[in-house]
Amino acid sequence: MAAKGVVNEHSLVGKNGVSTQHDRNGLRKVQEFCIQNGKIQESRNGSTHHSKEKKRKTVESFEQVPLYTAVMTYLGFYLLMFLGWLNQLLFTPNVAREQNREGYVPLYNRFESFYLRYVYRRVRDCWNIPICSVPGAEVVLKDRITRDYGWTFEFTGTETKCLNLGSYNYLGFAETKGPCAEESAQAIRDFGCAQCSPCQELGTNPLIVELEKLTAEFLGVEDAIVFGMGFGTNALNLPSLLGPGCLVLSDEKNHASLILGLRLSGATIKVFKHNNMKNLEKVLKAAIVKGQPRSRRPWKKILIVVEGIYSMEGSIVKLPEILELKRKYKAYLYVDEAHCIGALGERGRGVVEYFGCNPYDVDILMGTFTKSFGSAGGYIAGSKKLIDYLRINSHAACYASAMSPPVAQQIFTSMSIIMGKDGTMEGLRRIRQLAYNTRYFRERLKKMGVIIYGNQDSPVVPLLVYMFSKIGAVVRTLKQRRIAVVGVGFPATPLMEGRIRICLSAAHTKEQLDAALETFEEIANTLGLRYSQQRRPTDPVLYGVLDKVD
Amino acid sequence: MSQFVLMDVFQAFNEVPLYHVCLEVFLLLMVLWLIFHQSYNPNETGDLSKEELQALIDEWTPEELVSDVDQNHRALHPRVITSKAQKYISIDNNKCLNLATHNYLNFVGNEIIEKSAIDTIHKYGVGSCGPRGFYGTVDVHLDLENKLAEFMEMEEAVVYSYGFSTIASAIPAYAKRSDVIFVDEKVNFAIQKGLDASRSRLKFFKHNDTNDLESLLLEQAELDKKNPKKANVTRRFLIVEGIYMNTGEICPLPALIELRKKYKLRIFVDESVSFGTLGVTGRGVTEYFDVPKQDVDMIMCSMEWALGTIGGFCVGSSFIVEHQRLSGLGYCFSASLPPLLTVAASKALDIMTKDITIFSDLKDCCELMHSALETINGLKTKSHKHSPVKHLVLSDECVFTIPREEVLYEISNYCIQHGIAVIVPSYLEKVEKFTPTTSIRLTVNNKLSSEEIKQACTVLQEACNALMSH
């Protein structure tokens, strides 16, 4: 049974290896232009951009699962459930029971507790692993063992130093020494650990004012507003921007914070297939033509909500096409750049710079400071009108407490370094290193014959293992070999697609990556991870080459 | 051989009654029709022509993404704090006695806490770079959770990275669409967002009015009698605050516990303001009323007020709190609390455990402030005398020279100019379920001397006098 391997190059190659050309409103012409050694091609006619728009040829792959593996994964899952049911029948679970509440309606539903106790518990030791050092290129894990099959854990007292492929540290700013740490310490001395006041009351200090200005400059927009929590930025600002009578087109794989914010807003939500522009256009058209459900009145506004890099898939949003659709159908666009700000683009300005688009075209740019800046918090950036509105009406600005001063200072210092304002090339060096690491690691993994998802430039690498039990096996084996990775399974991903997620960092050196890849090569044999049925590339993989030389 | 089979079939056919044959033929035709007919897709816009579709799309004009705002709004010209938010605070370079930020126990600016936070940066960096499930659990988090559980004499605690999301994530983790929640009218905004996210049926009762609550519970009991099957799967929750941020009143906890036992509710208390401020040892409203902690199902608290750091926690029995480690959205899908803020909270807790005089000092200051505020002509205070959050509203009898809506803002501006920082809290009127009345919110901290309290009241009185018409 041949696998339906799909390699999408902006849908120039369709399924089953047949080459078809899709002509979508002049987009075919666009794809013929691409970056070559930084040379910029002419922009399209009728374009309203005033900046140079470089067209980028992106390479993404989402190889489909071989049928045999799919069947075995399902069987494995049913076996787990059956064993769990047997276990429940024969042994009493070692869990906390509710005291002093006889006659009360049970608090949890039965299937949830069953799943947690008998399926999740078996692999529970792969998550929530405590660390006791800075999560830099290497991290120190606290060892723990379970004497009762995962019900409880004990610390052994020993620690293991591992290569850190699990933390979000794209530009390597999780450091204990250096300008960032020193200036954050100074911020504590100047302003204390926290302001203890909501933003609108007495939550503004000079650090926050400077940080907002710098963020706006970094992104190339008019103004920005910062909040103390990235999750909260989405969940508390979407309700202020939307209301009943608005329509939201949300990507299938959007993050939980976006989904929560959209639900709280009361707008109508329609989901479109992941990164599928045809489906998006179809849904948009139908929505405008039909209007609001039941009353048929026209929609007040339409907002398309997407992410820059999807952290579970490793795919990058098709921004030029979305901007095209947005202009055509007069919709607004919200891009959540949590994982790509600082990590994509030649100067780290995110997905907008990566595609060479104009940041003014994206109505609402949102991002978090947790990943590339080694800190915490989130921001929203855009036109001054938008930010003024949010300053007054945002739930977070009015009720949630202001960002902590040392956290704000860390962001300010790291952002200045990325922008080169400290006078060194350190920022560019880190961005370059991350780009080299990403390409090299991904190419080497592809050569190994494992299935990885996503765009070749995305520093998030999901490695598919499919079976639930394999997630546990791989994480444990790698931990023994001193590599820390993250395993993700149901319900965060579809049932059949368990995966190991690797996050690369500018702090990783080539030697560390080579050592890790050797280990991956070994376990690919012992644990059976070579699912790919495509031809493996035979050219040697060079480190430090971003575009293939023809 | 086949001849015999055919004969058998033919014979069988003859013996079968006629209606059976008709039925079989009819079914066969139905199957053929289902296979071959065109399926109807209600979403297709098939009955409009291409030009009509294009015309509809061209005609549609969306509203502006955001509406215009008043450029003179206070939020666009915020006051800038140019110093630490300690007992004295510098607002726009104007030094004031700080009665505006929530620093009840004076942990902001405490040198021990700051030193340990700085040492933590040199060990762990600033950010934790991941959610709790993915290498974001630092040993200091586990340490803080153990300390909190021990301090509150409960089994387990779970720490979140932001105060607002603690409460807004904890409620929907337990309450779902089919459940019913009884909640006080004057709860704070974070609880309101948690209620919205849970999608349960909400029943609001009048502020601190247990009679009103009981009547609502009786109504619900009537409904339950009519439909006992549904009642068996409807969970009932009661959500109150220890001290209400919007009014400064304390909830009548013993009466609420009685109702809880009688009507089988689960009670969640938001002790953001009462943690560290009520009770001899600062353990909150359960200690204040001497209620056994097991009678309360869960206590939720924001660390952003009394503990002087960022974050929040939920504490209760393991049975209840453990659930949030997989269902609390703000816990699972958000990066964990930065280690330096965790250690700051830990050290603050250590101080709270060792030195209980800070709580009696705070109680004395609250009582002194309360009696001093009552002497002001023109303003009346509605809060409890032990609450560190005091709300001042205009007296009904007094007449002012400017419209009543603006008086409180002018008083606040006058006070700040004369060295006393008090503010009027901002609310989102269109979004709040029951907008609180405009008031001046004054916070008390435990290092205020009686001269400072007197001075504050003098300035407030001057401000009122300046605006009152005689």
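## Largest cavity

The largest cavity has a volume of about 300 Å³, where a volume is the space filled by probe spheres set on grid points joined across faces, edges and corners. A cavity is a set of points, on a 1 Å grid over the protein atoms alone, where a 1.4 Å probe fits but cannot get out; lining residues have an atom within 4 Å of a point.

The model is predicted: local features need pLDDT of at least 70 and side-chain atom pairs count only at pLDDT 80 or more, while totals for chains, interfaces and linings use all residues. Residues are numbered from 1 along each chain as its sequence is written, chains are lettered from A and ligands numbered from 1 in the order in which they are written, and side-chain values use heavy atoms, with hydrogens and water left out.

## Lining of the largest cavity

Of the 27 lining residues, A:Tyr399, B:Asn188, B:Phe189, B:Met245 and B:Trp305 lie nearest the centre. The lining divides into 13 nonpolar, eight polar and six charged residues (Ala, Val, Leu, Ile, Met, Phe, Trp, Tyr, Cys and Pro count as nonpolar, Asp, Glu, Lys and Arg as charged, and the others, Gly among them, as polar).

At least two lining residues each come from helix H13 (395-399) of chain A and from helix H7 (163-174) and helix H8 (189-198) of chain B. Helices are DSSP runs of H or I with at least four residues, numbered from the N terminus. H7(B) supplies the largest share, three residues.

## Second largest cavity

The second largest cavity, with a volume of about 130 Å³, is lined by 15 residues, and A:Phe231, A:Ala235, A:Leu260, B:Ser165 and B:Ala168 lie nearest its centre. H7(B) gives the most to this lining, with five residues.

Methods
On a 1 Å grid over the protein atoms alone, a cavity is a set of points where a 1.4 Å probe fits but cannot get out, and a pocket is an open set with protein on both sides within 12 Å along at least five of seven lines; lining residues have an atom within 4 Å of a point.
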